[in-house]
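Q: I am new to this structure. Can you show me how to read its features one at a time?

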Amino acid sequence: MSEINITFPDDSVRSYGAGITGMEIAADISKSLAKAAIAVSIDGELSDLSLPIESDAKLEILKRDNEEALEMIRHDCAHVMAEAVQSLFPGTQVTIGPSIENGFYYDFARNDPFSTEDLEVIEKEMRKIVERGESFTREVWSRDEAIKFFTDKGEMYKAELIQDLPETEEIKIYKQGEWTDLCRGPHMPTTKHVGTAFKLLKVAGAYWRGDSNKAMLTRIYGTAWRDDKELKAYLMQLEEAEKRDHRKLGTEMDLFHFQHEAQGSVFWHPKGFTIYNQMEAYIRRRLNAGGYREIKTPQLIDNKLWEASGHWGKYRENMFVVPDEVPSTDDEGPIVSDKAFEKLMALKPMNCPAHVQVFKQGTKSYRDLPIRFAEFGCCHRNEAHGALHGLMRARQFTQDDAHIFCREDQITGESVAFCDLVKNVYTDMGFEDVRVVLSLRPDVRAGSDEIWDKAEDGLRQALIKTGLDFEEAENEGAFYGPKIDYQVRDAIGRTWQCGTLQLDFVLPERLDANYIGEDGAKHRPVMLHRAVLGSLERFIGVMIENYAGKLPLWLAPVQCVVATITSDADEYGQKVFAALQEAGLRAELDIRNEKINYKVREHSHAKVPVMFVVGAREAEEGTVAIRRMDSKDQPVEPLEKAIELLANQSKPPY
RNA sequence: GCCGCGGUAGCUCAGUGGUAGAGCGCGUCAUUGGUAAUGACGAGGUCGAGAGUUCAAUUCUCUCCCGUGGCACCA
């Protein structure tokens, strides 16, 4: 028997006979290690403890506290769930069940979908399987054998999976007791290693292989952790996230509402629209300073333009189409004639074609470039019903949109300026966690390789110069040009597409935009589509969740409430209120016949950042007691000083 | 669009084959109180819409609409 050298993380080396297993090595080191071991890492690759090791290797024995352990716990937990489901609901087919961020899921095929009540029963069964501590054992089967096995069992999805595995791939079968599954592995030694810190969370539908043309399966989501403490913390976090839901806060804070007559479109209330206006005004100042000029273009545009721009062909299913005909008021007959469908208009889903029209008015010289047209463009998109999600995904929304028309040699300069703008704006808004992705050329694309080289490098240099951390995504660019996407992470951990910078070599061509070059000939400008906030609606939604409704002072719909303690101070309260308004602050006066406790509680719930509390004493002295949200302090200051302080703190960041 | 769950008072939710309840909010009255709920009384609902079963439907069945968790989609 030949000897192999095993190198451990501390660089110590031990020799063993070839074919020794990870578990045997662990046992050789110590009994307690063997007990705690859940897997091995062989030359950086995770593997089963039971697998023989045949050659020299770097080896690490993994325990529950390793980073990788969580993933294994979740993966094993998915298997345990699948066994539980099949024992409780015979005839259910298993498909795939991976570990995911914070948990795992398993997709099942079954005629009657699971209900939420089933989860409890399944979870109970899972705990039994874990308690039994069945060993995970690994076997390698031949392809035909495996396909026959699963086909005979009626597991058509598994059989399909095996069919589609590459020829070179070993068909690995894992058993936990009696239960058998196709799986890449690795697994922990027994089901007992899963532990007890798991919980099934929800049932959902999911398409087989993520394809909406294929069968709809039932997915069960669960979460699993190392111990109950971690589980509890995660469940708390979910609860906290739910409390921050912008839709809930929007109702509570009286910011906006939705109703079914205008599904997917926002009814902004005065307070919500105050936030909206502040955001818009802020971006407008930023854009003005950045050399943009604001325009406004039509909402309703003839489909001829959408045909020319290419949207009619590729994007029509997301557009709202309107017949250009006077509707009939005859109650008996049809509202529009058959002919109406020959002449259609559409609500704009994007602003770009309209901006090109503005660019095309008059002759442009190379000296005019770059031209930066900005618009708070109200767009309508016919989103699928299931896609709608409060402010985050709406059917009508307003982009802080702009299009920059420039020469090729101006791409880099414009990109740098834009990246700077994005960085400054996000910093002002209080976002640290921003994901930046540079999407590069896809296989099918317009434009020469030279111009793609230039464009991609222009964007890359811009990101490097701005000092933004970014990742590159091969093949992910649009057919018309590369792009940079800026995604903000919200309170629930979801990332939302906000800003974007997209280079476009195609639209100027399609809509025949040109400028006169130095040489006196016509040239195509390059077009940069760009948005910083993306959609004002969505960005406000992200802001609400990020701040849990406690927006920074400059954005707070009501910045200060003047609350009187007794009616003796009403007159003085009026004076304080007037002074706040005079200073340009958004204030409210609360002289209701209520106790101060009640007023403080109510305005705290409403997330008003500052209260000026006034009673007889303050009226006498010309002062206010300043109470800030989440603070018990109540410093008393002279009225003028307090207002000056608040006015300074309420200044927008730009 | 697809699968699951839901729709009852302004909000949050309970409940029932014999046309409904709570808390908060709202209104009235009393209370003038120092930093997270003063008390009493009162008003308020075609129980999402339509159809069916039934002597009787908010409750059961079906269809539709909307919301919601996922999936697909997000050029």
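Q: Which residue is the bridge partner of Ile173 in β13?
A: Strands of a sheet pair through backbone hydrogen bonds, either parallel or antiparallel. In this predicted model, Ile173 has Leu182 as its bridge partner in β13.

Q: How many bridges join strand β12 to β13?
A: Four bridges join them. β12 covers residues 171–176, and the two strands run antiparallel.

Q: In what order do the strands of this open sheet lie?
A: The order is β11-β12-β13, three strands with antiparallel pairing. The edges are β11 (136–141) and β13 (179–182). Each has a single partner strand, so one side of each is left without a neighbour in the sheet. On average, neighbouring strands are turned by 25° against each other, direction ignored.

Q: How many bridges link β19 and β21?
A: Three bridges, in the antiparallel sense. β21 spans residues 344–347. One pair to look for is Leu300 with its bridge partner in β21, Leu347.

Q: How many disulfides are there?
A: Look at the distance between cysteine sulfurs. A disulfide needs two of them within 2.5 Å. By this rule the count is zero.

Q: Is Cys77 buried or exposed?
A: Compare its relative accessibility with the cut-off: buried means under 20%. Cys77 has 0%, so Cys77 counts as buried. Cys183 is buried too, with a relative accessible area of 9%.

Q: How much space lies in the largest pocket?
A: About 1,100 Å³. The lining has 37 residues, and the closest to the pocket centre are Tyr315, Met350, Arg381, Tyr480 and Gln502.

Q: Which elements give two or more residues to the lining of the largest pocket?
A: The helices are α11 (311–314) and α15 (507–510). The strands are β23 (396–406), β26 (483–489), β27 (495–504) and β30 (526–535).

Q: What classes of residue line the largest pocket?
A: Sort the lining by class. There are 14 nonpolar, 12 polar and 11 charged residues.

How values were computed. Residues are numbered from 1 along each chain as its sequence is written. Chains are lettered from A and ligands numbered from 1 in the order in which they are written. This is a predicted model: local features need pLDDT of at least 70, side-chain atom pairs count only at pLDDT 80 or more; totals for chains, interfaces and linings use all residues. Side-chain values use heavy atoms; hydrogens and water are left out. On a 1 Å grid over the protein atoms alone, a cavity is a set of points where a 1.4 Å probe fits but cannot get out, and a pocket is an open set with protein on both sides within 12 Å along at least five of seven lines; lining residues have an atom within 4 Å of a point. Grid points are joined across faces, edges and corners, and a volume is the space filled by probe spheres set on the points. Ala, Val, Leu, Ile, Met, Phe, Trp, Tyr, Cys and Pro count as nonpolar, Asp, Glu, Lys and Arg as charged, and the others, Gly among them, as polar. Two strands pair if DSSP finds at least two bridges between them. Buried means under 20% relative accessible area, exposed over 50%, partly exposed in between (1.4 Å probe, protein chains only). Axes are lines fitted to C-alpha atoms, for helices over the stretch in contact, and angles run from 0 to 180 degrees between N-to-C directions.
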